[in-house]
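Student: I have a new model on my screen and would like to walk through it with you. Could we take it step by step?

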Amino acid sequence: MNDRRPTASRRRLWIILGVVAVGVVVAAVVGGVVGSDNANKHSSHAASGSTGGAAQSESTRTGAAAGLAQGVIWPTATDANGNPLYPTTTGSAKISAPSTIPNASLSCGPDPYNFTAPSSLAVRDTHPLLFAPDYKWACLQRQIPQDEYMSYWNDTIFLNATKFFGMSPTNYSIDGGLGGSGVLDVAREVQLRIKHWGYAHKMSNDSKWATRAWTEIQTAAGNSTTGQYFGITGDNWNAIHFLDLAEFTVAFAMAYDWFYDVWTPEQKSATMWTILNLGLAYGNNVYTDPTGAGADYSWWSMAPGNTGNWNCVCSGGMVIGALAIMNEDPTGLAAKVLPLALANMNEGCVNAVGPDGTWTETVNYWYFGTTQHTQAASALLSATGSTQGLLTTNPAMKLSSLFHMYATGMQGLFTYGDTGPNKYTATANGLMFYGQQYNIPTYSLFQRDRADAPEPMSMMYYDPQTSGDFWDGLALDHHFANESDAWVSMRSSWTDTDGTYVAMKAGALLNHQTHGNLDTGDFVLDAIGQRWAGELGDGNYLATGYFSSELQDSLRWRYYRDGTIGQNTILMGGLNQNVEAVPTTTYGSSGDAQDALVYNCANSSTAYFTADLTTNYNGSSTHRAIRMLNGRKQVLLQDEMDVPAVGAQWRIQTNATITMSNGNKTATWALGGQTLVAEILSPSNAVFGTELPVPLASDPATPPGAESANQPNPGVTVLTIDMPVGQTTLEVLFKCV
């Protein structure tokens, strides 16, 4: 390993054109891993957050309270993956453990509103009531000049609001049909705009924000004054793809609540009735008549489909919409829907988190689920005085932030499985809400330095009394041991993006809301500023049978990126892994926790993870292990197998250029100006080979049609080892040069 580090003298504000900053981050996270996610992908699923023309400002991070930054370690910039780049020396900064230090000048104090019976779901009788009541908005005016982070975020939000201001109303662009991906991108872009304009209005009292927001609201209600088309009258928000409807409902709820003080009675009434007729009426069908009036769009509210991001987004949208208009609704529908939607979230959404904190879908779907979960919990807290069980019904919700933190590698996320649609409004800023509510400041400190931090919800969630360094005392390794989602995260540092990161998964293959792959034993490897072993990301969501099921014969597994062939694991006999398998795992670590900004592991520092994959391969004895060695500068991958006559192949998907030597027992990888060497230590008759990232000739064909063709994976090479038949121990050592 070398000690090279990118340098930057200024931290840029993230300016958004059409996609929130996390879109830039995730496009880099996924596309930069293997460089193939954007190839021939349907527009709304191009690499989990297509930038949509995002730009960056050259503005510097200089707050009015710059003196408060003295003695604190600030990132100099964020990299292409959204990770902070820290200085290489601490200077006068004092390293301290995460804490919350009471400061009267930074505290908003207790909510002055008297909630007499929070359990009754009685709603605050004044607006604004969502996320931040009046006292909180007033407090923000006082906090911003005193806090460097909040000052920086505030500036960024206003710059983005201004960018959005000059755009035409969002176009009703249908993606793959209304029953395909519908108008989800449209809904989230409308919400993104309203969120920024609403914030700008509350902080400036400039009437232009309310005027521009009203034009957007009129258009998105199907009442454009220019005749702009916006969907089927009465179902403009596309109930068949209920995510769309829920996100529109949140956008209109924010607009109704945050512009309540300046909009005319007619504007408020029109917005309220739109929420009722295009949003809550359909939600009521879901909860009260799921097999009748709601039969076409209620599946996400019932087991087994209710423990995933769909439930969080959909029921969360109904909660927020009902809260916004509760006191003015003359029909009583909001009061009817609110307890039903809340109960549905407490049955489904909160259980999308497994006992160890792992999000049961994928790392990227954690974003969508937790974004709406925290928005709903925050709205309930401000509107009713309680989070109403959303933070406590499943105690493991407290651990979901650790899942995200440890899934964040040096060169992006551990992006196994599907990566999802554009992240217009989905960020990791829920960590700040969780950090405050669970009194775990590490979560807030981790997130505040990330590229997706500057957006309106951060201002609501962040407590500027939070202090310290997130990494001080934070373990380098973590084993998420629950067998349904078992995986490991190991690293050499939390602050050196040129360090080593390894993550491997070995959980069950069922019950991931058809977003998982057949990928037990799959792993990623980051070192010296590159991702060497990476993920291909999701396939085309509009392909035939892509979400058909998780059963062994599912059409989903015919797609290269989803079957075992497209993973960094063992392919036995050219067949997919057994979906019924339940691997077992073990883990060990030297227990290192970072205690310095520039942290160097002792030579004895190590961590390892083992997985018994025998059931994945229908009884053929297979054990995989991975270990960090030599001060975590090298990685050893070991596979002990009884290879059957049908054969087995070791596979890694990489963007690197591969050169063979030493009789093909050494593979030299070149990527981004860096070099990694993979060396076969045993057996003596094993050699490396390379293949193209395409299906085998013997693989079943994908369904007919252009949408169902396997996507090309340009720039990707598959490094392979054909393993000898019989008892074999294959050892491959990865080392930097």
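Tutor: Gladly! Let us start with a term: a polar contact is a pair of N or O atoms within 3.5 Å, where, within protein, one must be able to donate a hydrogen and the other to accept it. Keep in mind that this is a predicted model.

Student: With that in hand, which side chain does the side chain of His479 make a polar contact with?

Tutor: First find His479 in strand S9, which covers residues 478–480. Beyond its neighbours within four places in sequence, His479 is in contact with residues including Trp487, Val488 and Phe609. For the polar contact, the side-chain distance is 3.1 Å, which falls within the 3.5 Å cut-off. The partner is the side chain of Thr585.

Student: Next, the 8-stranded sheet: which strands stand at its edges?

Tutor: This open sheet runs in the order S15-S16-S17-S18-S25-S22-S21-S20, with antiparallel pairing. A strand at the edge has a single partner strand, so one side of it is left without a neighbour in the sheet. Reading the order from end to end, the edge strands are S15 (584–589) and S20 (657–661).

Student: And what is the bridge partner of Met641 in S25?

Tutor: Look at strand S18 (residues 634–643) and strand S25 (residues 726–736), which pair in the antiparallel sense over 10 bridges. Across from Met641, the partner in S25 is Thr728.

Student: Which residue in S24 stands opposite Phe688?

Tutor: S23 and strand S24 (residues 717–723) are antiparallel partners over 4 bridges. Opposite Phe688 you will find Ile721.

Student: Now the largest pocket. How many charged residues are in its lining?

Tutor: The largest pocket has a volume of about 850 Å³. It is lined by 35 residues, and the closest to its centre are Trp299, Trp310, Gln513, Thr514 and His515. Helices H4 (184–204), H8 (309–325) and H10 (365–384) each supply at least two residues of the lining. By class, the lining has 14 nonpolar and 17 polar residues, and the number of charged ones is 4.

Methods
Residues are numbered from 1 along each chain as its sequence is written. This is a predicted model: local features need pLDDT of at least 70, side-chain atom pairs count only at pLDDT 80 or more; totals for chains, interfaces and linings use all residues. Side-chain values use heavy atoms; hydrogens and water are left out. Two strands pair if DSSP finds at least two bridges between them. On a 1 Å grid over the protein atoms alone, a cavity is a set of points where a 1.4 Å probe fits but cannot get out, and a pocket is an open set with protein on both sides within 12 Å along at least five of seven lines; lining residues have an atom within 4 Å of a point. Grid points are joined across faces, edges and corners, and a volume is the space filled by probe spheres set on the points. Ala, Val, Leu, Ile, Met, Phe, Trp, Tyr, Cys and Pro count as nonpolar, Asp, Glu, Lys and Arg as charged, and the others, Gly among them, as polar. Contact means heavy atoms within 4.5 Å.
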